[in-house]
Amino acid sequence: MNPMLAIDLPALMIAVAASIACALPGSLLVLRGQALLGDALSHMVLPGIVIAFLATGRIASGPMLVGALAAGLIGAGLIALVRRAARLEPSAAMGLVFTILFAAGVVLLETEAARKVDLDLNHALYGHLEAALWLEPAEWADLLGLEIWLTAPRPLQMLAPVALLLALALVLVFKELRIASFDPDYATLQGFRPRMIDFGLTAATTLAAVAAFEAVGSILVIALLTCPAAMARLCTDRLAAHIGLSVFFASLIAVAGYTTAATLETSASATMAAAGGLAVALTVIVRHLRRRYAKPPAAVPGNAPNSEVRPLRPGSG
Amino acid sequence: MLEALTLSAGYNAAVAMIGATLLGVAAGPVGVFMLLRRRALLADAASHSTLPGVVAAFLVSLWLTGDGRLLPVLLLGAAMAAALGVIGVQALQAHSRLSGSTAIAVVLSAGFGLGVMGLSYVQNLPVAGQAGLDRFLIGQTAGMRLADAYLIAGVAAALVLAVAAFFKELRLIAFDPDFAAAAGWPVQRLDLLANGLLLATVVVGLTSVGLILIVALLIVPAVTARLWTRSLERMALLAAGFGGVSAYCGAAASAAFHHLPTGATIVLVAGGIFAISLPFAPLSRPKGAAEAQEPPP
């Protein structure tokens with residue numbers, strides 16, 4: 001057995017695929033000031049996943065996806081309902097709903113699912129990236145065959161299509177998104193409904209969160225959703241560059257985090273999250289140093305960069 | 001169940017339950033002020049940041065005393081890390097163009113990631129006692145040592161007294177910090193006091209509710225109380241009551257049925273009180289009511 005091929009390669013591929021799948025919706029969440037919606041969704045999918053697990057008795061991609069999507073969308077609906085009915089600011093309504101749903105998931109997990117061995121609390125909290133084993137390819141050349149990929153570890157079989165699907169969706173609606181970002185009023189006139197963007201983004205985030213669940217658990221997902229996008233937000237004002245940089249930083253963080261974890265023998269998903277936070281801090285510091293030591297640009301009145309992306313809905317969440 | 005509810009399920013369990021209840025009582029009004037100051041999820045960032053502090057304190061006290069399980073040391077580490085987390089959020093907001101919610105999400109995930117990294121590192125060490133560290137994640141009052149139960153109950157009682165003693169000051173900075181400053185109040189120090197009470201609640205709650213869900217004990221009773229009254233005094237009292245009842249019932253249920261996790265059960269009881277209040281309380285907005293009558297506060 002080639003340990004590089006059997007252990008490190010599948011884990012790394014899962015880490016990168018999870019990071020990219022999360023960075024795509026995450027980049028939009030950060031741009032819209034809705035990073036905490038990602039936090040809420042990643043907690044709220046837990047009861048859906050646990051119920052699907054209890055119903056089928058095993059960790060299966062299909063039922064888990066359905067359960068988690070249902071839980072995410074129901075949770076998002078509950079947040080909107082509570083926000084109106086209890087006259088709450090968005091973040092308080094989110095905090096109320098996601099903690100209660102997460103608590104329900106934890107109780108279900110500890111009382112019911114604990115009798116089965118496949119899914120336990122640690123798994124749900126920080127995933128099990130290290131468990132990925134791929135014994136089928138005997139040597140590197142085997143990877144060239146197409147059939148071998150059908151034997152890839154289950155998390156990868158779920159994550160790769162999800163990442164592709166999200167990328168495709170983003171390309172398809174890119175023009176609409178850009179218009180909605182530049183000029184919300186014009187976008188409304190054109191008949192794009194903000195609610196459709198909200199709904200689509202909620203569904204996309206839930207999909208990414210549940211696809212990444214097996215690899216990184218339900219809490220550390222928030223690092224994958226937010227950190228690369230926060231770095232990109234600090235670097236660019238153009239929408240396409242923002243999304244591209246988010247994906248690039250996501251892969252970088254995944255590789256750096258995984259290799260660090262392998263060296264220190266710490267939890268891989270947690271090390272990726274810590275690396276993400278560190279990377280954001282470094283980006284902030286580097287930008288400060290550059291601003292301090294760079295020549296101040298000559299101020300040209302009336303020449304403000306008009307390509308700046310405005311948050312679609314500023315200040316929510 | 002009845003045995004647990006009447007505090008006769010053993011002396012340790014009874015002290016732990018009293019501690020949890022006092023914590024719930026303190027968390028209610030602290031949560032009310034937190035909501036008024038729109039800092040609901042700042043507490044979430046703070047609570048997730050406690051984990052690396054707990055692990056670091058474990059390592060330090062293991063190195064100094066040979067025993068890593070000294071609860072006061074662990075809680076001190078947690079408090080310091082939580083304060084660092086809050087400072088981190090404020091620094092990100094002040095020194096970059098990231099929005100408040102992004103700053104909170106970044107600090108929360110970095111703190112929790114560092115903490116879990118530390119946990120996995122400590123688990124590989126050839127020492128005893130590290131297994132108890134992950135009880136801080138979702139809280140567990142069962143099996144708490146008597147000295148620790150006394151410590152939690154004592155600090156929680158002090159917290160209740162502090163909230164009562166500084167009620168007027170907290171109200172001032174929650175409603176009109178500008179007026180308070182103009183009237184000569186030391187607003188910055190009061191702000192620090194309010195944040196300190198919030199952090200203390202989070203840290204004391206680690207043992208019973210756990211760091212993932214402690215924010216619920218701050219938000220849910222306070223929101224529920226706001227459905228019933230507009231007066232701040234009554235709101236704080238009601239929130240204290242809801243918080244206390246939730247914590248008491250949750251701790252009793254998990255003492256009676258050992259597989260019920262304490263923290264999650266407490267949150268579910270609080271959520272139940274909210275769900276019952278929502279359709280009946282006078283101030284929740286009925287379906288289709290005119291929005292203009294109820295401007296958001």
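A nonpolar core is taken here as a set of buried Ala, Val, Leu, Ile, Met, Phe, Trp, Tyr and Cys residues joined through C-beta atoms within 7 Å. In this predicted model, the largest such core holds 217 residues, and Ala21(A) and Ala212(A) are the members that touch the most others. Helix H2 of chain B, residues 11–36, supplies the largest share of this core, with 16 residues.

H2(B) is built from 26 residues, and its first and last C-alpha atoms lie 38 Å apart, close to the 38 Å expected at 1.5 Å a residue. Most of H2(B) is covered, with 22 of the 26 residues buried. Just after this helix, Arg38(B) adopts a positive phi of about 55°.

Two residues stand out for their backbone angles. Most residues other than glycine have a negative phi. Arg38(B), which is not glycine, has a positive phi near 55°, and its place is the loop between H2 and helix H3 (42–65) of chain B. Arg38(B) counts as partly exposed because 13 other C-beta atoms lie within 10 Å. In chain A, Glu265(A) is also a residue other than glycine with a positive phi, here near 60°. Glu265(A) sits in the loop that links helix H11 (239–264) to H12 of chain A. With 13 other C-beta atoms within 10 Å, Glu265(A) is therefore partly exposed.

Further along chain B, Gly100(B) belongs to helix H5, residues 100–123. Gly100(B) is buried, because 21 other C-beta atoms are found within 10 Å and the cut-off for a buried residue is 20 or more. Between Gly100(B) and Pro29(B), which are 71 residues apart along the chain, the C-alpha separation is 24 Å.

Turning to chain A as a whole, the model shows 12 helices and zero strands. Of the 317 residues in chain A, 50% count as buried. Among its contacts between residues at least 6 apart in sequence, 77% join residues at least 24 apart.

The two chains meet in a contact to which chain A brings 53 residues and chain B brings 49 residues. On the chain A side, the elements that give two or more residues are helix H2 (35–56), helix H3 (61–85), helix H4 (90–111), helix H5 (121–126), helix H10 (221–235) and helix H12 (268–293). H4(A) makes the largest contribution to this side, 13 residues. Sorted by class, the side of chain A that touches chain B comprises 31 nonpolar, 15 polar and seven charged residues.

Finally, a word on confidence. The average pLDDT of chain A is 84, and 89% of the residues score at least 70. Residues 302–309 of chain A are a stretch where pLDDT stays under 50, and the model has nine contacts beyond four places in sequence for them. Where pLDDT is low, the predicted coordinates should not be read in detail.

Methods
Residues numbered from 1 in each chain as written. Chains lettered and ligands numbered in written order. Predicted model: local features only at pLDDT ≥ 70, side-chain atom pairs only at ≥ 80, totals over all residues. Contact = placed C-beta atoms within 7 Å. Helix = DSSP H or I, 4+ residues; strand = E, 2+ residues; numbered from the N terminus. Nonpolar A, V, L, I, M, F, W, Y, C, P; charged D, E, K, R; others polar. Buried ≥ 20, exposed ≤ 12 C-beta atoms within 10 Å, placed from the backbone. Expected span 1.5 Å × (residues − 1). pLDDT = per-residue confidence, 0-100.
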